[in-house]
Amino acid sequence: MKASTSWFRSTCAEFSAGEGRSGCAHLKNYSVNYREWGEGPPLVLVPGLAGGFELLGPLARLLASRFRVISYQLRGEDDCFALRQRFDLSNLVTDLAEFLDWHRLESPLLMGVSFGGVLALEFAARYSHRVQKLIVQGAGARYEHGLLPRVASAVLSRFPLPSDNPFINQFFNLLFGGKQKPGPLFEFVTQQCWQTDQSVMAYRLQLLEQYDLGPRVARIRVPTLVLTGERDLLVSEESLAELTDGLPDAQSCRMPGCGHLAFVTHPQRVAAEVRRFADQ
């Protein structure tokens, strides 16, 4: 389901990072749309499970004052028929490597949020030499086998749903870290996430079930900042501890009052931590 163009014009401007510079890179398995904002050291932003790089708008706008921010659409984001050719997390990591090659980026700052944080961690575990510094928010060392993600995956994969479905919007409340009052921010998040095809969201949730960094955490031999929201209900304390304890060079930051979507709800705090970490 897609939101109307008029809705985007009236609502998204408040949370947009601006038009930036758009382009298309031709990778081995798909042509990827990407966008850049700002000038400075390159910082590659890997988007989450739904919403594409547009959901990163509030954070990208703040980071663009200090960095050349580059983000891209994950495989399937702009073309749900990409699911006809099955792929896994390792394939998405290869996509990221090809995207960096296309931009001739040897070792940029790499940041991933939520599902994008998983991809960033997997990338750094495989290509540690290609990352200057790593930042993740809303990701731990393994998939959380909770009831709600399983139910959400099953529902998304089997039943067509309207964008105002109560169950799915309750899931969005959990992403916020608690019940969110109706308003422009909640509308932006829910409508932007529904720009991602329902089948693509379900498929990515199934891919997450494969995720277990385990002993490979120690392969990430770059300075790493692990950001987590105090109210993040999707990443457990055990998973976070396994990640930070296993990383050879890690800093962790717990952000009060933030949920899983801290990069949208508290972009100023997240951007400040990223700038601090990058300047060290």
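## Cysteines

The sulfur of C253 is 8.7 Å from the closest cysteine sulfur, in C258, which is too far for a bond. A disulfide is a covalent bond between the sulfur atoms of two cysteines. Here a disulfide is taken as a pair of cysteine sulfur atoms within 2.5 Å, and by this rule the count is 0 disulfides.

C253 counts as buried, at 10% relative accessibility. C193 is also buried, with a relative accessible area of 5%. Buried means under 20% relative accessible area, exposed means over 50%, and partly exposed lies in between (1.4 Å probe, protein chains only).

## Basis of the model

This is a predicted model, in which local features need pLDDT of at least 70 and side-chain atom pairs count only at pLDDT 80 or more, while totals for chains, interfaces and linings use all residues. Residues are numbered from 1 along each chain as its sequence is written, and side-chain values use heavy atoms, with hydrogens and water left out.

## Overall make-up

The protein has 11 helices and 8 strands. These elements are DSSP runs numbered from the N terminus, with helices being H or I of at least four residues and strands being E of at least two. Of the 280 residues in the protein, 57% are buried.

The accessible surface of the protein comes to about 12100 Å², and 51% of this belongs to carbon and sulfur atoms. Accessible areas come from the Shrake-Rupley method with a 1.4 Å probe, and for residues only the protein chains shown count as cover. Among contacts between residues at least 6 apart in sequence, 76% join residues at least 24 apart; contact means heavy atoms within 4.5 Å.

Helix α3 (residues 89-102) packs with α4 at an angle of about 75 degrees, and their axes are 9 Å apart. That makes α3 roughly perpendicular to α4. On the α3 side the contact is made by L89, S90, L92, V93, T94, L96, A97 and L100, and on the α4 side by F115, V118, L119, E122, F123 and R126. The axes are lines fitted to C-alpha atoms, for helices over the stretch in contact, and angles run from 0 to 180 degrees between N-to-C directions. Angles under 35 degrees count as roughly parallel, over 145 as roughly antiparallel, 65 to 115 as roughly perpendicular and the rest as oblique.

Helix α7 (residues 184-193) is mostly covered, with 7 of its 10 residues buried. The buried residues in α7 are L185, F186, F188, V189, T190, Q192 and C193.

Q137 is in strand β6 (residues 133-137) and is buried, at a relative accessible area of 0%. Leaving aside neighbours within four places in sequence, Q137 is in contact with G112, V113, S114, L227, M255, G259, H260, A262 and F263.

L175 lies in helix α6 (residues 166-176) and is buried, with a relative accessible area of 9%. Not counting residues up to four places away in sequence, L175 touches L234, G259, H260 and L261. L175 and D232 are 57 residues apart in sequence, and their C-alpha atoms are 7.1 Å apart in space.

## S128

S128 lies in the loop between α4 (115-126) and β6. At 15% relative accessibility, S128 counts as buried. The side chain of S128 reaches the backbone nitrogen of R221 at 3.0 Å. A polar contact is a pair of N or O atoms within 3.5 Å; within protein, one must be able to donate a hydrogen and the other to accept it, and residues adjacent in sequence count only if both atoms are side-chain atoms. Not counting residues up to four places away in sequence, S128 touches F123, R219, I220, R221 and V222.
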